[in-house]
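Please read it alongside the sequence and the coordinates.

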Amino acid sequence: MLRKLVMLVVILAVIGAAAFWFITMPATVSADALGSYTPDLDNGKTMFYAGGCASCHATPNQDDKTKLGGGLALKSPFGTFYPPNISPDRNDGIGGWSEADFVTAMWKGTSPDGSHYYPAFPYTSYQRMRLEDVRDLFAYLKTLPAVQGKVRDHDLPLHFKIRRMLGGWKFLFLDGEQLRPDTSKSAQRNRGAYLVNGPGHCAECHSPRNPLGGIVASQRFAGGPDPEGGDGSVPNITPAGIGDYSERDIERILESGDMPNGDSVGGAMAAVVANTSKLSADDRAAIALYIKSLPPVKGPKRP
Amino acid sequence: MIRTALVVAMLAFGATALVAQSDPIAARKALMKANGDQSKVATDMLEAKQPFNLDAAKKVFATFAEAGEKAPVLFPDNSKTGGDTAALPTIWEDKADFTARLAKFASEAKAAGAATKDFDSFKVQITEVRKNCGGCHQTYRKKTS
């Protein structure tokens, strides 16, 4: 009897370990799945600004936001992250990456050496991007100046350093779906939904997160505490928070940072505006239209 | 009469200076509030929510310039906390940069006021001058927006 019980425990443990191994295996996109393609650099540039890559990856303390040497300290409740060098430098950046490596990073959050990226890199949003847009972005990044120098390691508590565990996080919060247009809605609204939920990754800051660091789906866009710590907060951008803003008001915020009450945006949003100001007026209008169309959701209490 | 006016003016000046000295947080918040109110006037004129008026436009820049000139001394070391301040400790970590940014804001606002002759020039000037706002709000103000 006891022997049978021990056997059972062993078998269950093996199954459990196999399941863990399988679930936490870093996913990739193979080069065969991509096919041939001629990238559109203009669209790549648009994706660069819509995606706000420079906000995290630009070399800090200098003015050229196309120098993507990385190294900015990004505080979080889980530790401090240092976004890597994504300039086209062959040794220290992404100059040696294949297109499939890049698509894998953006869609699956997996690095070329097959390990998980931390979700501080917002692949939960970037996975929504169209393949063409990701490929255009890659081509555009390759046109930017190469910056030498590898970035230091993330500063995380020991138990968060086991990257394999992130496979479990992805199992819970990364569904691998691209965003399909809603045919019952206008092209403009679909464009806005795409920019906001895909490259723009607005929800990553404008939503509360659960204790595991996943976005609380029912309160998406309803604001929350400053993810970088401190006692600041990120505003609710559903009509429950900014219902008195017109579409034009939102466009102006994205264009210049000027809010209708005379204030100007601060914190990380100032860096966001540095990017959205470079989008076309049409794209800003699409974002505004979509934001105005969100259902009103009450967010967490603001401090 | 002139003497009375002078005395009143001096007293008023003294009182302002005193408030600034005794409660720098309230004083700098008042300056920022005035900036916000004037910035709203500017936006409303740009959006044709209120008609363009040259005096009102110049007042926007004069208010900005005044805030930029008066603000630097309103961040003494004993005003890092309290009074519901949104100022971040980063101000005191790089005071030189913070002060330089205020000075740049003040001088650009002043020049913009002088260069504003009509609606079109106002539009150009206000857009340029307000680019300064985000620079400090990003680094030196508690995240609220």
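What percentage of the 145 residues in chain B do buried residues make up? Buried residues account for 30% of them, a residue being buried if 20 or more other C-beta atoms, placed from the backbone, lie within 10 Å of its own, exposed if 12 or fewer do, and partly exposed in between.

This is a predicted model, in which local features need pLDDT of at least 70 and side-chain atom pairs count only at pLDDT 80 or more, whereas totals for chains, interfaces and linings use all residues. Residues are numbered from 1 along each chain as its sequence is written, and chains are lettered from A and ligands numbered from 1 in the order in which they are written.

Chain B has 7 helices and 0 strands, and its elements, taken from the N terminus on, run α-α-α-α-α-α-α; helices (H or I, at least four residues) and strands (E, at least two) are DSSP runs, numbered from the N terminus. Among contacts in chain B between residues at least 6 apart in sequence, 75% join residues at least 24 apart, where a contact requires that the two C-beta atoms, placed from the backbone, lie within 7 Å.

In chain A, helix α6 packs against α4 and against α2. The angles in the table run from 0 to 180 degrees between N-to-C directions, and the axes are lines fitted to C-alpha atoms, for helices over the stretch in contact.

| Helix pair | Angle | Axis distance |
|---|---|---|
| α4(A) (residues 99-108) and α6(A) (residues 131-141) | about 120 degrees | 10 Å |
| α2(A) (residues 41-51) and α6(A) | about 95 degrees | 7 Å |

The angle of about 120 degrees makes α4(A) oblique to α6(A), and that of about 95 degrees makes α2(A) roughly perpendicular to α6(A); under 35 degrees counts as roughly parallel, over 145 as roughly antiparallel, 65 to 115 as roughly perpendicular and the rest as oblique.

The contact of α4(A) with α6(A) involves A:E99, A:F102, A:V103 and A:M106 on α4(A), and A:L131, A:V134, A:R135 and A:F138 on α6(A). These residues divide into 6 nonpolar, no polar and 2 charged, with Ala, Val, Leu, Ile, Met, Phe, Trp, Tyr, Cys and Pro counted as nonpolar, Asp, Glu, Lys and Arg as charged, and the others, Gly among them, as polar.

Between the chains, 23 residues of chain A are in contact with 17 residues of chain B. On the side of chain A that touches chain B, α11(A) gives the most, with 4 residues.
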